[in-house]
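Please keep the sequence and the 3D view at hand while reading.

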Amino acid sequence: MLIGSFIAALGFSGLIYVHSYSALVLFEIAIATGSAFVSGADVALLYDSIGEDERNKVGSLKALGNRQFSLLAGESTAALCASLLYAGSFGPILVLNAGAAWAAVLAATLLIEPSRQKMAPHNHW
């Protein structure tokens, strides 16, 4: 998640300086690469943290639901705010978007992978 969010943050930061089609293509490649690294990793991290304890499982399943709600609420709020900001200039939207991408990098550095039982290197058929 850290690598993907870092690549995406670089892409969004570079979008501020895009003035040609080739630069826009490079931006899209960076965003696609970052998204590929992050895609599913957040849900996998939450799912791995559920564990076998039933009390913990209920809270973790709520966290999965809250993640989906937060994602949709954030996208809706961002769309409304961006339309208000776009009335003046497109520049502040790009700067805020880059800032949000760097906030994701910071959040990824604070994540701790849960401990889990690992398979033996042999005899797991």
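A residue is called buried when its relative accessible area is under 20%, exposed when that area is over 50%, and partly exposed in between, with a 1.4 Å probe and protein chains only. By this criterion, 15% of the 125 residues of the chain count as buried. The structure is a predicted model, in which local features need pLDDT of at least 70 and side-chain atom pairs count only at pLDDT 80 or more, while totals for chains, interfaces and linings use all residues. Residues are numbered from 1 along each chain as its sequence is written, and side-chain values use heavy atoms, with hydrogens and water left out.

The chain contains five helices and zero strands, where helices (H or I, at least four residues) and strands (E, at least two) are DSSP runs numbered from the N terminus. Read from the N terminus, the order of elements is α-α-α-α-α. The accessible surface of the chain is about 9300 Å², and 68% of this surface belongs to carbon and sulfur atoms; such areas come from the Shrake-Rupley method with a 1.4 Å probe, and for residues only the protein chains shown count as cover. Contacts, meaning heavy atoms within 4.5 Å, also describe the chain as a whole. Among those between residues at least 6 apart in sequence, 63% join residues at least 24 apart.

How are two packed helices described? The description uses the angle between their axes and the distance between the axes. Here the axes are lines fitted to C-alpha atoms, for helices over the stretch in contact, and the angles run from 0 to 180 degrees between N-to-C directions. Angles under 35 degrees count as roughly parallel, over 145 as roughly antiparallel, 65 to 115 as roughly perpendicular and the rest as oblique.

Consider helix H1 (residues 2-15) and helix H5 (residues 91-110), whose axes come within 8 Å and cross at roughly 165°. Because of this angle, H1 is roughly antiparallel to H5. On the H1 side, the contact is made by Leu2, Ser5, Phe6, Ala8, Ala9, Leu10, Phe12, Ser13 and Leu15, and on the H5 side by Leu94, Asn97, Ala98, Ala101, Trp102, Ala104, Val105, Ala108 and Thr109. These residues comprise 14 nonpolar, four polar and no charged. In this classification, Ala, Val, Leu, Ile, Met, Phe, Trp, Tyr, Cys and Pro count as nonpolar, Asp, Glu, Lys and Arg as charged, and the others, Gly among them, as polar. H1 passes H5 in a left-handed crossing, a term for the near helix being turned anticlockwise from the far one by less than a right angle, with right-handed used if clockwise.

H1 also packs against helix H2 (residues 21-38), at an angle of about 160° and with the axes 7 Å apart. It follows that H1 is roughly antiparallel to H2. The crossing of these two helices is left-handed. From H1, the residues Ile3, Gly4, Ser5, Ile7, Ala8, Gly11, Phe12 and Leu15 meet Leu24, Phe27, Ala30, Ile31, Thr33, Gly34, Phe37 and Val38 of H2. This contact has 11 nonpolar, five polar and no charged residues.

Is Ser5 buried or exposed? Ser5, which lies in helix H1, counts as buried because its relative accessibility is 9%. Leaving aside residues up to four places away in sequence, Ser5 touches Val38, Ala101, Ala104, Val105 and Ala108. Phe12, also found in helix H1, touches Phe27, Ile31, Asn97, Ala98 and Ala101 when residues up to four places away in sequence are not counted. The C-alpha atoms of Phe12 and Leu96 are separated by 9.6 Å, although the two residues are 84 residues apart along the chain.

In helix H5, Ala108 is buried, with a relative accessible area of 13%. Its contacts, not counting residues up to four places away in sequence, are with Met1, Leu2 and Ser5. Ala108 and Phe6 are 102 residues apart in sequence and 9.1 Å apart in space, C-alpha to C-alpha. Ala103 lies in helix H5 as well and is partly exposed, at 42% relative accessible area. The C-alpha atoms of Ala103 and Ala9, 94 residues apart along the chain, are separated by 8.7 Å.

Finally, Ile29 has its place in helix H2. Ile29 is partly exposed, with a relative accessible area of 49%. From Ile29 to Ala8, 21 residues apart in sequence, the C-alpha to C-alpha separation is 9.5 Å.
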